[in-house]
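Work through the exercises below with the structure in view. Try each task before reading its solution.

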There are 2 protein chains.
Amino acid sequence: MSEDEITRQLQHKSIRHFTKQSVADALIKTLIDVAQHTATSHYLQSFSVISITDSRLRAQIAQISGQQYVAENGHLFIFVIDQHRAALLAKQPQLQELGSTDKFLQGASDALLAAQNTVNAAESLGLGTVLLGSILNDAKRLIALLHLPTLTFPIIGLIVGYPDQKTQAKPRMPQAAMHFTNGYNLPAQFQQDMQAYDEVIAHYYATRLTNQRAESFSHLLTRSATTSPKKRSELLSALHQQGFLTTK
Amino acid sequence: MSEDEITRQLQHKSIRHFTKQSVADALIKTLIDVAQHTATSHYLQSFSVISITDSRLRAQIAQISGQQYVAENGHLFIFVIDQHRAALLAKQPQLQELGSTDKFLQGASDALLAAQNTVNAAESLGLGTVLLGSILNDAKRLIALLHLPTLTFPIIGLIVGYPDQKTQAKPRMPQAAMHFTNGYNLPAQFQQDMQAYDEVIAHYYATRLTNQRAESFSHLLTRSATTSPKKRSELLSALHQQGFLTTK
């Protein structure tokens, strides 16, 4: 029992640049082993992981993500919601049920919990990590590239590697704005709290080690809404294509 | 740097029974702090956490989950996808966008990654945890009980506390059945691998410390599909009610 892990978790920062040192196969196997031992809904393990080792495929995924660093060093994993395997093993009548909203959320939960557990394992060994929501900038293309069958869906990417940059932890919003008791109740002073937090964010971006700029939480929100890659608007269509959320 | 965390992660098991010792407020605050420092899409922190301290409310949530232990000891958190806070802070035109599939998945990702990070923090201190997908057995009722506004959705529950039971880690499926390279490719011997895994599961259930029974992976799949609580079929409707996935 130690507080080391919590100390590290409180200093978490994403690492986007890694050295050329590759992550050993035995370590990849251990990380997958950790992912597998994450809590899983109904013990059904409704996710899979795809390791990307082909550099041409990886360059195509980097192009989808719009991030050059995705093509570079470190080991790239794609976490996949997987009800396809269950469909192969279960009896026929359950097939349609496996595309339900319920089963989609269970698979998303299994896959995302496993991804974070993998992050914690990697960081406990001094490795750096970055989770990639950007793999969904063109979900249909990614699905085609990875030959993902019906009842599977790529939910998040993860690069793990040996850090080649120093970054600083970003300050989080006040707990009062996101932790409530017995119901959803933003405090009366919520808008003022968030204005004060804007100043904390402004200070962080103005004084950080690299890429200094003027920034605020409300601007981040607006930017996220107005600069979202066009094909992210096809996510529901991509889910339907994979057989999810089509009924109820 | 130590392997302690990975050793612990590989032995992970859910704990459902806790002693009466309450989790100190300072520790709850630390756990929320860890949740907040989880990687978050676009730095937008699109989730909230609700602590349930009212015993009557907790009994109602236990009733939804169908699990008596949910009403008992340990500290109960509900992790909530939250685009409502963003809607209050962003300019009007972004409001509709915040209910998109994209924003729903980003919020689900933020909330679920944070939940697992909280699990890892708690377990590093020797606490036990259980994640609760069962809070979604009647999502609309839970939403009403927690006064969850539009653009929020409860995605998972978590109980953290001092363990009052011993359990064994459940054996996971062979890695070959869930870890692929450069694309989705189940191995040729997949069905045989899973039959062998059925024997591993059968042995686990036949010899574990409590609740011994005959079991197999295919039976777990069938049971999950055929005994799903009725109102889980209302999850898509509940998401729509909260303003999610209504457009694209």
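Predicted model: local features only at pLDDT ≥ 70, side-chain atom pairs only at ≥ 80, totals over all residues.

**Exercise 1. The largest cavity**

Find which residues line the largest cavity, and which helix gives the most to its lining.

Solution. 
- Start with the count: the structure holds 7 cavities of 30 Å³ or more.
- Next, take the volume. The largest cavity has about 60 Å³ of space.
- Now list the lining. From chain A come A:Gln9, A:His12, A:Gln116, A:Val119, A:Asn120, A:Glu123 and A:Leu131. From chain B come B:His37, B:Thr38, B:Ala39 and B:Asn117.
- Look for the main contributor. Helix 5 (residues 101-124) of chain A gives the most, with 4 residues.
- Last, sort by class: the lining has 3 nonpolar, 7 polar and 1 charged residues.

**Exercise 2. Helix 7 of chain B**

Determine how the buried residues of helix 7 of chain B are arranged around its axis.

Solution. 
- Check the length first. Helix 7 (residues 190-207) of chain B has 18 residues. From first C-alpha to last, this helix reaches 26 Å, close to the 26 Å expected at 1.5 Å a residue.
- Pick out the buried residues: B:Phe190, B:Asp193, B:Met194, B:Tyr197, B:Asp198, B:Ile201, B:Tyr204 and B:Tyr205.
- Look down the axis. The buried residues of helix 7 of chain B fall within an arc of 150°, so they line one face of the helix.
- An α-helix has 3.6 residues a turn, so residues three or four places apart point the same way.
- Turn to the face away from the buried side. That face of helix 7 of chain B carries the exposed residues B:Gln192, B:Gln195, B:Glu199 and B:His203.
- Find the packing partners of the buried residues. They are helix 4 (84-89) of chain A and helix 8 (217-226) of chain B.

**Exercise 3. B:Gly157**

Is B:Gly157 buried or exposed?

Solution. 
- Locate the residue: B:Gly157 lies in strand 4 of chain B.
- Its relative accessibility is 0%, so B:Gly157 counts as buried.
- Leaving aside neighbours within four places in sequence, B:Gly157 is in contact with B:Phe77, B:Ile78, B:Val130, B:Leu131, B:Leu132 and B:Ile135.

How values were computed. Residues numbered from 1 in each chain as written. Chains lettered and ligands numbered in written order. Heavy atoms only, no water. 1 Å grid on protein atoms, 1.4 Å probe; cavity = no way out; pocket = protein on both sides within 12 Å on 5 of 7 lines; lining within 4 Å. Points joined across faces, edges and corners; volume = space filled by probe spheres on them. Helix = DSSP H or I, 4+ residues; strand = E, 2+ residues; numbered from the N terminus. Nonpolar A, V, L, I, M, F, W, Y, C, P; charged D, E, K, R; others polar. Expected span 1.5 Å × (residues − 1). Buried < 20%, exposed > 50% of the residue type's maximum accessible area, 1.4 Å probe, protein only. Arc of directions from axis to C-beta. Contact = heavy atoms within 4.5 Å.
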